[in-house]
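The notes follow in the order in which I checked them.

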Amino acid sequence: MTFDFNEVRAAYERIRPYVRKTLLEESFYLGDGERRYFFKLESLQRAKSFKIRGALNKMLTLTAEEAARGVATVSSGNHGSSVSYAASLLGIQNAKVIVPEGTPQSKIDRIRYFGAEVLQMGKSYDEAHRLGLDYIRRHGLTYIDAYYDDPKSYGGQGTIGIELLEQNPDIDTIVVPIGGGLITGIAVAAKALKPDIRIAELLTRLQMEFERSREPWEVLTRAPNEPAIQLAL
Ligand SMILES: Cc1ncc(COP(=O)(O)O)c(C=O)c1O
């Protein structure tokens with residue numbers, strides 16, 4: 001599978017009419033006269049996150065037949081509500097979002113708000129994912145991937161890289177909370193436009209421990225609910 005800047009540029013043209021060009025707001029409390037810091041306020045998208053970019057990019061490339069059959073994803077967070085919102089924007093009637101059993105009602109309400117049907121499956125996220133993908137295949141729906149498996153998804157997320165360099169071409173470092181898809185798309189786009197730009201990944205302390213540990217599950221069981229700034233709400 002190849003993925004390059006052309007994919008992100010095409011995504012930008014495709015989704016531009018549907019997404020907000022969010023503010024690139026200068027921080028008034030960070031910075032010291034030498035360095036300036038900006039926040040790309042993707043929380044001002046209608047569904048409250050950047051995830052709308054990837055969801056829309058994928059859904060705008062469906063054939064009429066695929067759109068008529070419907071779409072689905074597995075996510076209880078920002079991606080789930082973004083798929084729901086994108087489906088409502090594009091008039092896709094059959095949109096399903098699969099979440100694990102016991103997902104908080106506030107998350108379910110947020111997904112349902114834009115019209116998608118919420119299906120609860122499995123005791124954990126992993127189980128929901130496995131059962132969900134099977135359901136999606138059996139029902140002939142198109143799977144809208146959240147981050148790492150579909151260039152249409154991270155190509156859409158990468159449009160942030162184009163947009164923020166348009167807004168401020170002097171940016172020399174972009175710090176991206178990860179995941180996987182967001183930083184992939186942004187890095188490919190920003191490096192194509194400005195090869196010497198630095199891309200830094202933002203991990204919580206727990207994520208770092210998790211990635212470096214030989215016993216990752218031990219890290220999770222030790223601190224399963226530690227709050228993290230970039231956790232999807
Ligand atoms: C608010 C927020 N930031 C960052 C991420 C990480 O994105 P990705 O998984 O595409 O790297 C997510 C993913 O759910 C998110 O919701």
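I looked up Ala86 and found that it touches Ile52, Ala55, Leu56 and Met59, leaving out residues up to four places away in sequence; contact here requires C-beta atoms, placed from the backbone, within 7 Å. I note that this is a predicted model, in which local features need pLDDT of at least 70, side-chain atom pairs count only at pLDDT 80 or more, and totals for chains, interfaces and linings use all residues. Residues are numbered from 1 along each chain as its sequence is written.

I then turned to the largest nonpolar core, which has 40 residues, and Ala86 is among those with the most contacts inside it, as are Ile52 and Met59. Such a core is a set of buried Ala, Val, Leu, Ile, Met, Phe, Trp, Tyr and Cys residues joined through C-beta atoms within 7 Å, where buried means 20 or more other C-beta atoms within 10 Å of a residue's own. Helix α9 (residues 181-193) gives the largest share of this core, six residues; helices are DSSP runs of H or I with at least four residues, and strands are runs of E with at least two.

For the sheet, I recorded an open arrangement of four strands in the order β5-β4-β3-β6, with parallel pairing, pairing being at least two DSSP bridges between two strands. β5 (117-120) and β6 (142-143) stand at the edges with a single partner strand each, so one side of each has no neighbour in the sheet. Strands β3 (residues 71-74) and β4 (residues 95-99) pair over four bridges, and Ala72 stands opposite Lys96 in β4.

Key. A residue is buried if 20 or more other C-beta atoms lie within 10 Å of its own, exposed if 12 or fewer, and partly exposed in between; C-beta atoms are placed from the backbone. Two residues are in contact if their C-beta atoms, placed from the backbone, lie within 7 Å.
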